[in-house]
Amino acid sequence: MEAYVLIKHLHMTAAYLTAGLFLLRVSLDALGKTGWRLTPLRWLPHINDSLLLVAALLLLALSGWMPGVHAWLTFKLVLLVGYILAGWVALRQGLAKPWRLLGALLALAQLAGIFFLAIHKPVF
Ligand code: HEM
């Protein structure tokens, strides 16, 4: 049980870092400071996201939570795919600004949905 709490805290820390690092990169791009791609900020989010996912899989292995059974988790995974796609659009340098802005807004909205589902675990 102690391990579960520890891993859940790791998962939560990585989740808040994911949101922070995404906001930081989108904000820097919006300010025209695209040089972050030449700094550790380019790969740090990938390491964090991998940690987030490994911790999530460990939580599933240690608990009774199951996508397909618990609707909040199913919807969380759907939103996660949407967040990844929208986030990709938001950070894509070659794309026109309106598309990137739309991508950023959709990514943030879906991220908010993920947090809502994770915290409240609504039963549908
Ligand atoms: C961007 C992606 C994700 C974010 C931002 C996120 C966020 C969170 C947060 C904030 C919590 C803690 C909720 C609380 O306060 O009780 C949580 C818990 C949890 N998450 Fe995630 N999560 C993400 C991805 C995933 C994925 C991909 C899975 C599973 C495949 C997953 C499975 C879980 C489980 C099982 C819990 C523990 C539920 C509990 O015992 O209360 N998460 N998540």
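This is a predicted model: local features need pLDDT of at least 70, side-chain atom pairs count only at pLDDT 80 or more; totals for chains, interfaces and linings use all residues.
Residues are numbered from 1 along each chain as its sequence is written, and side-chain values use heavy atoms, without hydrogens and water.

**Aromatic pairs**

I searched the whole structure and got four aromatic pairs (Phe, Tyr or Trp rings, the last by its six-membered ring, with centres within 6.5 Å; planes under 30 degrees apart are stacked, over 60 edge-to-face, the rest tilted). Phe-22 and Tyr-83 have ring centres 5.6 Å apart and planes at 75°, so I logged them as edge-to-face. Phe-22 is in helix H1 and Tyr-83 in helix H3, 61 residues apart (helices are DSSP runs of H or I, at least four residues, numbered from the N terminus).

Next came Phe-75 and Phe-124, also an edge-to-face pair, at 4.9 Å between centres and 75° between planes. Phe-75 is partly exposed at 40% relative accessibility. Phe-124 is exposed at 63%.

**Iron site**

I then looked up the iron atom of the ligand. Its protein donors are His-11 (NE2) and Lys-76 (NZ), 1.8 to 2.1 Å away (donors are N, O and S atoms within 2.8 Å of the metal, 3.2 Å for Na, K and Ca; water is not among the atoms, so sites may look incomplete). His-11 lies in H1 and Lys-76 in H3, so the pair ties together parts 65 residues apart in sequence. Both His-11 and Lys-76 are buried.

Notes
Helices (H or I, at least four residues) and strands (E, at least two) are DSSP runs, numbered from the N terminus. Buried means under 20% relative accessible area, exposed over 50%, partly exposed in between (1.4 Å probe, protein chains only).
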